[in-house]
Amino acid sequence: MTTTVITNIGSLVTNDPALGDGTPIGLLQNAAVVIDGDRIAWVGPTSAAPAADDTVDAGGRAAIPGFVDSHSHLLFAGDRTQEFNARMSGRAYSAGGIRTTVAATRAATDEELSANVAKYMAEALRQGTTTFETKSGYGLTVEDEARALRIAALHTDEVTYLGAHIVPPDYADDPAAYVALVTGEMLDACAPYARWVDVFCENGAFDGDQARAILTAGKAKGLHPRVHANQLSYGPGVQLAVELDAASADHCTHLTDADVDALAASATVATLLPGAEFSTRAEWPDARRLLDAGVTVALSTDCNPGSSFTSSVPFCIALAVRDMKMTPDEAIWSATAGGAAALRRDDVGRITPGARADLALLDAPSHVHLAYRPGVPLVSDVWRQGKRCR
């Protein structure tokens with residue numbers, strides 16, 4: 001294995017307070033990083049950098065850990081342009097929403113679905129995302145959910161079984177039978193390909209009792225819970241996530257004080273997905289309330305064809321700073337180390353010896369430019385698992 005030293009980094013976000021300025025993002029000025037194989041081998045000042053086989057001069061640019069996108073829905077076909085256009089134009093739209101995507105996904109070939117995943121992951125990688133989670137949820141039959149997860153597992157280790165996305169139309173009159181399918185035959189077919197089990201716990205989807213049954217069945221099969229919680233209304237999702245030690249409660253828009261307190265006292269991460277609020281003109285999650293209470297917060301894209309069709313973590317950072325009252329430091333931490341916490345990982349989301357060599361150089365002197373210059377493609381170079389990708 002060859003070694004690479006990146007020198008003359010103007011400001012380096014390490015997410016290790018002991019390496020940098022003592023803040024959570026561990027900011028280090030005039031820094032260097034040594035990559036050995038797929039790992040970070042050394043971090044420190046450029047003046048003390050050891051020799052390596054290859055040298056890259058960052059030229060004063062900022063470096064950050066690769067983004068950890070812990071919530072996406074990339075196993076789909078088709079798009080919902082007309083739905084978005086109608087929503088943004090203030091017009092009623094009667095097409096089927098998620099059901100439209102389900103129909104297109106069921107009709108797609110394996111090759112088409114795999115190419116779609118690869119396309120959007122490559123798009124995200126160019127913008128600095130080096131760790132991806134993605135879900136099923138647009139198949140909703142035993143065969144199609146298992147197929148989606150099998151394809152997802154070809155692209156990432158962070159695969160989530162979301163058979164409980166909605167109750168499909170063919171079970172509209174008997175949702176209990178669909179829950180039985182999701183916790184039985186479908187789970188048996190899907191568990192070998194997944195690490196996580198998820199449920200959309202919401203009015204119009206799955207109630208608290210149904211969600212508990214689905215997540216408990218998944219846990220019995222060795223899958224760890226995540227929950228789509230409290231996105232559209234107040235409900236039991238956050239409390240259920242904490243009760244079952246879910247890695248994350250995702251969305252977290254409508255929270256009671258008890259919900260916030262429960263999250264703060266738990267290991268469950270509140271994953272905020274501002275792309276969804278942007279694309280639906282919905283109420284923003286109160287990130288300031290969560291952070292001030294001591295809740296661990298992650299930022300992710302929720303990339304999906306209906307409510308958040310973006311693969312750009314930098315865009316979500318800009319939204320979080322502007323509209324969710326996060327500081328730039330809090331937003332970069334949440335999009336890197338926070339996402340890692342939401343996946344219960346300690347090998348990604350930070351630049352420290354022993355961590356996976358995932359990092360990005362910005363065409364800017366500071367990570368603050370991600371919010372300061374929204375919409376500008378600032379990511380200039382990306383290393384993933386020690387390999388320079390662009």
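Modeller: Happy to, and keep in mind that this is a predicted model.

Colleague: Which residues line the second largest cavity, and what is its volume?

Modeller: The general idea goes like this: a probe the size of a water molecule is rolled over the atoms, and that shows where empty space is left. Here, the second largest cavity comes out at about 40 Å³. Its lining is made by Leu75, Thr105, Leu113, Gly139, Asp144, Arg147 and Ala148. Helix α4 (residues 142-152) provides the largest share of that lining, with three residues.

Colleague: How many cavities of 30 Å³ or more does the count come to?

Modeller: Two. The largest cavity holds about 70 Å³ of space. Around it you'll find Asp69, Ser72, Leu74, Tyr120, Ala124, Phe132, Glu133, Thr301, Cys303 and Ser311. The elements giving two or more residues to this lining are α3 (110-126) and β7 (129-135). By class, the largest cavity has five nonpolar, three polar and two charged residues in its lining.

Colleague: And the pockets? How much space lies in the largest pocket, and which residues lie nearest its centre?

Modeller: A pocket is an open set of points, whereas in a cavity the probe fits but cannot get out. The largest pocket has about 590 Å³ of space. It has 31 lining residues, and Ile98, Phe200, Gln231, Leu232 and Ser307 lie nearest the centre. By class, the lining divides into 16 polar, eight charged and seven nonpolar residues.

Colleague: Which helix gives the most to the lining of the largest pocket?

Modeller: That's α10, with three residues. At least two residues each come from α1 (81-88), α2 (98-107) and α10 (274-280).

Colleague: Now the packed parts. How many residues does the largest nonpolar core have, and which have the most contacts inside it?

Modeller: In soluble globular proteins, nonpolar side chains tend to be buried together. In this model, the largest nonpolar core has 87 residues, and Tyr161, Phe206, Leu290, Leu299 and Ile317 have the most contacts inside it. There's also a second, separate core of 17 residues, with Ala31, Val33, Ile35 and Leu361 among them.

Colleague: What does Tyr161 touch, leaving out residues up to four places away in sequence?

Modeller: Quite a list: Tyr161 touches Ser136, Glu145, Leu149, Val182, Met186, Leu187, Cys190, Ala194, Trp196, Val197, Asp198 and Leu223.

Notes:
Residues numbered from 1 in each chain as written. Predicted model: local features only at pLDDT ≥ 70, side-chain atom pairs only at ≥ 80, totals over all residues. Heavy atoms only, no water. 1 Å grid on protein atoms, 1.4 Å probe; cavity = no way out; pocket = protein on both sides within 12 Å on 5 of 7 lines; lining within 4 Å. Points joined across faces, edges and corners; volume = space filled by probe spheres on them. Helix = DSSP H or I, 4+ residues; strand = E, 2+ residues; numbered from the N terminus. Nonpolar A, V, L, I, M, F, W, Y, C, P; charged D, E, K, R; others polar. Core = buried A, V, L, I, M, F, W, Y, C linked by side-chain atoms within 4.5 Å. Buried < 20%, exposed > 50% of the residue type's maximum accessible area, 1.4 Å probe, protein only. Contact = heavy atoms within 4.5 Å.
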